[in-house]
Amino acid sequence: MKLAIIGVGLIGGSLGLCLKEKLGADIFITGLCRTQKSMDLAVKRGAVDMASSDVREVVEGADIVFLATPVLQMTPMLERIVPYLKKGAILTDAGSTKAYLWQHIQGILPAGVHYIAGHPMTGREKSGVEAASADLFRHKAYVIVEDTGAPPEAHEKLMSVLSHTEANFLRLDIQKHDRCASIISHVPHVTAAALVTLLNQSEGDMESCLKLAGGGFKDTTRIASSNADMWADICMTNREAITGHLRDLQAILGTVIASIEAGDREAVHRYFAASKERRDAILDRTEKMYDLV
């Protein structure tokens, strides 16, 4: 089995580390990297067997090609690798948005190459192959989109490889994926960044605020340290869902503001109590499915 990883960073590197650990010599992994430093580190860490900046060298003959670049780079990258994709190859990706990519690659995919959209719902606030881990996918949600026309045998072949990640796989259609990812992942990232921006705008209170910044601030804003390129691309490729949910959040905050201004303690108490009850119920329901740490 030959696997080509396009973008050996946190996600691509973690997949490589996992599969080499589980499959060893039964899989040969090539990796496309931009710099010699990244190539050397990817090979040194064992995420790939061979790394190169030459697209043909990485992709030619691959049974599975795993796109792990920022979303807006995926279509231009596919245009580069298309001439070297063999018939029967499976193309999959780790993009956090699905509709945009599917819309743009349908006219590019050559006949006989099967695209299966994917999204491992995992990550860290650090980026690059140096932050990669063989257990990054373990017990995390991993969405597989089935409405891209790939035949059952292609799905079976891909899953025979991805199953080694020990992720919790689920099937969603493209539109539902983008709506749910917006609520669960995209809007929280925008909000975490907004909280950091709010601190930055505290002007004369900055030093005093920093002295008070403990676990709560750290936990709430942890994801604001994520890769800016990746998150800018996500916002550009899931605009409708993200902006709609941000407006919903804006309306919720507006209601809370009005209740606080009015001195309506009962309304504010209901707001917090309902949120606590719902969050506790969600965690209770999902703790056996996913690693929520």
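The legends below describe several close-up views of a predicted model.

Residues are numbered from 1 along each chain as its sequence is written. Because the model is predicted, local features need pLDDT of at least 70 and side-chain atom pairs count only at pLDDT 80 or more, whereas totals for chains, interfaces and linings use all residues, and side-chain values rest on heavy atoms, with hydrogens and water left out.

**View 1**
Eight strands form an open, mixed sheet in the order E3-E2-E1-E4-E5-E6-E7-E8, where strands (E, at least two residues) and helices (H or I, at least four residues) are DSSP runs numbered from the N terminus, and two strands pair if DSSP finds at least two bridges between them. E3 and strand E8 (168-172) stand at the edges with a single partner strand each, so one side of each is left without a neighbour in the sheet. From one strand to the next the twist averages 25 degrees, with axes taken as lines fitted to C-alpha atoms (for helices, over the stretch in contact) and angles running from 0 to 180 degrees between N-to-C directions.

**View 2**
Strand E1 (residues 2-6) and E2 run parallel and are joined by five bridges, with Ile29 of E2 as the bridge partner of Leu3. On its other pairing, E2 meets strand E3 (residues 50-52) in the parallel sense over three bridges, and the bridge partner of Leu32 in E3 is Ser52. The chain crosses from E2 through helix H2 (residues 36-45) to E3 in a right-handed β-α-β crossover, and E1, helix H1 (residues 10-23) and E2 likewise make a right-handed β-α-β unit; a crossover is right-handed if, with the strands pointing away from the viewer, the path from the first strand over the helix to the second runs clockwise. Strand E2 (residues 28-32) is mostly covered, four of its five residues being buried, where buried means under 20% relative accessible area, exposed means over 50%, and partly exposed lies in between (1.4 Å probe, protein chains only).

Strand E6 (residues 114-120) pairs with strand E7 (residues 141-145) in the antiparallel sense over four bridges; Ala117 has Val145 as its bridge partner in E7, and Gly118 has Ile144. E7 and E8 run parallel and are joined by five bridges, with Tyr142 opposite Phe169 in E8. In a regular strand the side chains alternate between the two faces of the sheet. Both faces of E7 are covered, with Ala141, Val143 and Val145 buried on one side and Tyr142 and Ile144 buried on the other.

**View 1. Two loop residues with positive phi.**
Most residues other than glycine have a negative phi. His139, placed in the loop between E6 and E7, has a positive phi near 65 degrees and counts as partly exposed at 32% relative accessibility. Glu166 lies in the loop between H6 and E8, its phi is positive and near 65 degrees, and with a relative accessible area of 35% the residue is partly exposed.

**View 2. Helix H7 against helix H11.**
The axes of helix H7 (residues 174-200) and H11 come within 9 Å and cross at roughly 60 degrees, in a right-handed crossing; the crossing is right-handed if the near helix is turned clockwise from the far one by less than a right angle, and left-handed if anticlockwise. The contact (heavy atoms within 4.5 Å) includes Asp178, Arg179 and His186 of H7 and His245 and Leu249 of H11. By class, this contact has seven nonpolar, four polar and two charged residues, where Ala, Val, Leu, Ile, Met, Phe, Trp, Tyr, Cys and Pro count as nonpolar, Asp, Glu, Lys and Arg as charged, and the others, Gly among them, as polar.

**View 3. Helix H11 against helix H12.**
Helix H11 (residues 239-261) and helix H12 (residues 265-286) have axes that come within 8 Å and cross at roughly 145 degrees, and this crossing is left-handed. Ile252, Val256, Ser259 and Ile260 of H11 make the contact with Ala267, Val268 and Tyr271 of H12, a set with six nonpolar, one polar and no charged residues. Ser259 counts as buried at 15% relative accessibility and, not counting residues up to four places away in sequence, touches Asp264, Ala267 and Val268.
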